[in-house]
2 protein chains.
Amino acid sequence: MSANLGNNLDPWLSAYAERAHTLSVSEVRALFAVVSRPEVVSLAGGMPYVAALPKDLLEKSYLSMMEKKGLLAIQYGGGQGDLTLRDQVRELMALEGIRSSVEDIVMTTGSQHGLELLSGLFIDEGDVVLAEGPSYVGALGIFRHYQAHVEHVYTDHDGMSPEALEESIDRLKEAGRTIKFLYLVPNFANPSGVTLAKERRPKILEICKRHHILVLEDNPYGLLYFDKPVPDALRSLDEEGVIYLGSFSKILAPGFRVGYVLAPPAIKDKLILAQESAILCPSAFSQMMISEYLANSDWQAQIDTFRGVYRERKDAALGAMHEFLPKLETTKPDGGFYLWVTLPDGVDSKAMLPLAVKELVAYTPGTAFYGDGTGHNKLRICYSYPTPERIRLGIQRLANVINLQTDLLDTFGKKGAAN
Amino acid sequence: MSANLGNNLDPWLSAYAERAHTLSVSEVRALFAVVSRPEVVSLAGGMPYVAALPKDLLEKSYLSMMEKKGLLAIQYGGGQGDLTLRDQVRELMALEGIRSSVEDIVMTTGSQHGLELLSGLFIDEGDVVLAEGPSYVGALGIFRHYQAHVEHVYTDHDGMSPEALEESIDRLKEAGRTIKFLYLVPNFANPSGVTLAKERRPKILEICKRHHILVLEDNPYGLLYFDKPVPDALRSLDEEGVIYLGSFSKILAPGFRVGYVLAPPAIKDKLILAQESAILCPSAFSQMMISEYLANSDWQAQIDTFRGVYRERKDAALGAMHEFLPKLETTKPDGGFYLWVTLPDGVDSKAMLPLAVKELVAYTPGTAFYGDGTGHNKLRICYSYPTPERIRLGIQRLANVINLQTDLLDTFGKKGAAN
């Protein structure tokens, strides 16, 4: 009877859960094949430049780990993560003003999985998540998977606007919506590159506290500032209302998949249980490698090296933008990996992407960073991975593509450009 | 207004999603603290004996990986997992009769995460999952988290009964329930230690096919047989209706958190998307370590070593059961890690556990392996980790505790025993 459900392409089509239909191939993922062709300058990625790490440094960590930890490094570990590493994470977070206990830290499989597990703990179908506009594509994917409605709050060069936040909350409450949390990347945000201004931080927290809205502070880039340190973390100002997510992917290497969450005690307890259910425990091997790296190397000097690399690349990117696309508005980040570019009226970054790839340059279209279908006239440039020379070449090629689009628009009107 | 929701213990109590309330501390987890005390003989664990691995073997893998793969080992990888390793997994699965393509294999963070992601793809609240009775505690936790109803199908010394399966399906369909899949561990099951008989395999598959029910075959122990290889995998008999889950946790080491899923193409595509949403990509570092291990070592000889270790420990466990608890019924596994013991009438394994720990022995109570509250008069003995001498000592202590319980029952009737 039910044996004929499904179709030729997928005999199990009728069996999927409702949430399975929220999954779709993202703009970013569709670019993976492109990125790997060497002739294409990829400004799409988001990959850290791990070549800036000395190779023998990891070998030292490996040998020291096996010597000290032995079989513990390859055995099951606890669901909360390695205690020694959690203590080191505590010190790392102290650099941004955070006071914490090892008891409240949970190691995760990249901060992505921390966000995934937290979203599972809080989001019921139809709940609202507040986010910056634009916001991190990987977070939007998770929120969509849990069938949340993402409400983008107006964000300018100083980060999220407290007034706009208050206004959004009032409007949503009036409409009877349940707001579960505010998600934001306060430092060198992905994709905008902007940093939440110091004076806005207590205001954002005060508004959320007053409305009993939890804050998820995602901070993978905070230590990668170019000139001066970022303002203290939101978590340093509010221990009860902020969950903090951090990662080793950008200050060391993403291949270990190690991130961490600092949460209020009751939430932390639930997070550990959710983690045990999902993966039993995070990798002891990866965690202990990082723990040894932190114990035996001058990791702060290594972060300085990364900062220098990314500062030089940011300068190359902004220089090339000034040289080849002087009329376009772009953010000017004080750290991190990204420029956020506003295209001329009528130019659609998603429609333009195939033309750009034909010109051997790739970027991420702005629509990837909105849950509401907007962002067509924006694009993200990631300058972290290519060399300065390649960045300049890529932006030169991008300029050719954009200028052709604007020429078409000038000649034939808006319908002439790719869309 | 809503600012006063919550309580003193957890100010965010009102904010959790419905599924968060499905999380509870499991019997197994509560034992972790006990396990770590050296004076306690833990027959609870489930940990592989990784000390049987030569230490320098992993060092060779590490050095060879860094030499060959270099920075790729610490960079983001693809969402489906490392291609070289997937090809090696293909060869590994061929040992159990499975023909597959690298295209249909997805590497996961342990097979636990494979099961978690698949459950997310298929289970809507209230759906039914069919499982052996008893079934793997970690799977039951996931199914509970997705708010499934677990229906245990009668299982004897030859594994799940096809007749009972048919009868369960008929009854559930009559009641209008939606059955999403059958989950089973066909070889040396956790916790029962039993293996699904060869002649039952096509019958189980035929029944599921006729009712359009997907089969999830979880096979972490299949290669750890004592004397003769297990029957060919269910997946070898049905490519379209079976999803196969495998793991390196038991044949190499769990600290890497590397498992894999072989799925029909359309499901595999969705699984990759779900994985990218949850963790971006599995750890390149862990995957490449294992890939080098498989490429450069006699891993089949290493599995033989593990087989010898576990066979000796199984013999020690069964010998001690025969010596100290000759009247108790226990399964006699042909491989894997576990004995499943039936206690005398009226003895409750959960209530008895604190008394056992006081006598310096730990086990896992039977209730952990049922989703329906049954299993009180069963317990699981895991013999994989302690030495044969410690296993004997542990079972001797266990006998003292059980005998005291039966003495109490004989003297005072059923209400006298701990419960």
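Visitor: At what angle do helix α7 (residues 162-174) of chain A and α8(A) pack?
Guide: They pack at about 15 degrees, with axes 9 Å apart. Axes are lines fitted to C-alpha atoms, for helices over the stretch in contact, and angles run from 0 to 180 degrees between N-to-C directions. Helices here are DSSP runs (H or I, at least four residues), strands likewise (E, at least two), numbered from the N terminus.

Visitor: So what do you call that arrangement?
Guide: That angle makes α7(A) roughly parallel to α8(A). Angles under 35 degrees count as roughly parallel, over 145 as roughly antiparallel, 65 to 115 as roughly perpendicular and the rest as oblique. The crossing of α7(A) past α8(A) is right-handed. A crossing is right-handed if the near helix is turned clockwise from the far one by less than a right angle, and left-handed if anticlockwise.

Visitor: Which residues of α7(A) and α8(A) make the contact?
Guide: From α7(A), Pro162(A), Leu165(A), Glu166(A) and Ile169(A). From α8(A), the list includes Ile204(A), Ile207(A) and Cys208(A). Contact means heavy atoms within 4.5 Å. By class, that contact has six nonpolar, no polar and four charged residues. Ala, Val, Leu, Ile, Met, Phe, Trp, Tyr, Cys and Pro count as nonpolar, Asp, Glu, Lys and Arg as charged, and the others, Gly among them, as polar.

Visitor: Before we go on, where does the model come from?
Guide: It is a predicted model: local features need pLDDT of at least 70, side-chain atom pairs count only at pLDDT 80 or more, and totals for chains, interfaces and linings use all residues. Residues are numbered from 1 along each chain as its sequence is written, chains are lettered from A and ligands numbered from 1 in the order in which they are written, and side-chain values use heavy atoms, leaving out hydrogens and water.

Visitor: How do α11 (residues 299-324) and α13 (residues 388-412) of chain A cross?
Guide: Their axes come within 9 Å and cross at roughly 30 degrees. That makes α11(A) roughly parallel to α13(A). The crossing is right-handed. Ala316(A), Ala320(A) and Phe324(A) are among the α11(A) residues in the contact, and Ile391(A) and Ile395(A) among those of α13(A). The contact residues divide into nine nonpolar, two polar and four charged.

Visitor: And in chain B, what about α12 (residues 299-324) and α14 (residues 388-412)?
Guide: Their axes come within 9 Å and cross at roughly 30 degrees. The crossing of α12(B) and α14(B) is right-handed.

Visitor: New topic. Which peptide bonds are cis?
Guide: One joins Asn190(A) and Pro191(A), with omega about 15 degrees. Pro191(A) is in the loop between β6 (179-184) and α8 (200-210) of chain A. Another runs from Gly133(B) to Pro134(B), with omega near 5 degrees. Pro134(B) lies in the loop between β3 (128-133) and α6 (137-145) of chain B. Most peptide bonds are trans.

Visitor: Last one. How many cavities does a search of the whole structure find?
Guide: Seven of 30 Å³ or more. On a 1 Å grid over the protein atoms alone, a cavity is a set of points where a 1.4 Å probe fits but cannot get out; lining residues have an atom within 4 Å of a point. Grid points are joined across faces, edges and corners, and a volume is the space filled by probe spheres set on the points. The largest cavity has a volume of about 120 Å³.

Visitor: What lines the largest cavity?
Guide: It has 19 lining residues, and Ser283(A) and Ser283(B) are among those nearest its centre. By class, the lining has seven nonpolar, 10 polar and two charged residues.

Definitions and conventions:
On a 1 Å grid over the protein atoms alone, a cavity is a set of points where a 1.4 Å probe fits but cannot get out, and a pocket is an open set with protein on both sides within 12 Å along at least five of seven lines; lining residues have an atom within 4 Å of a point.
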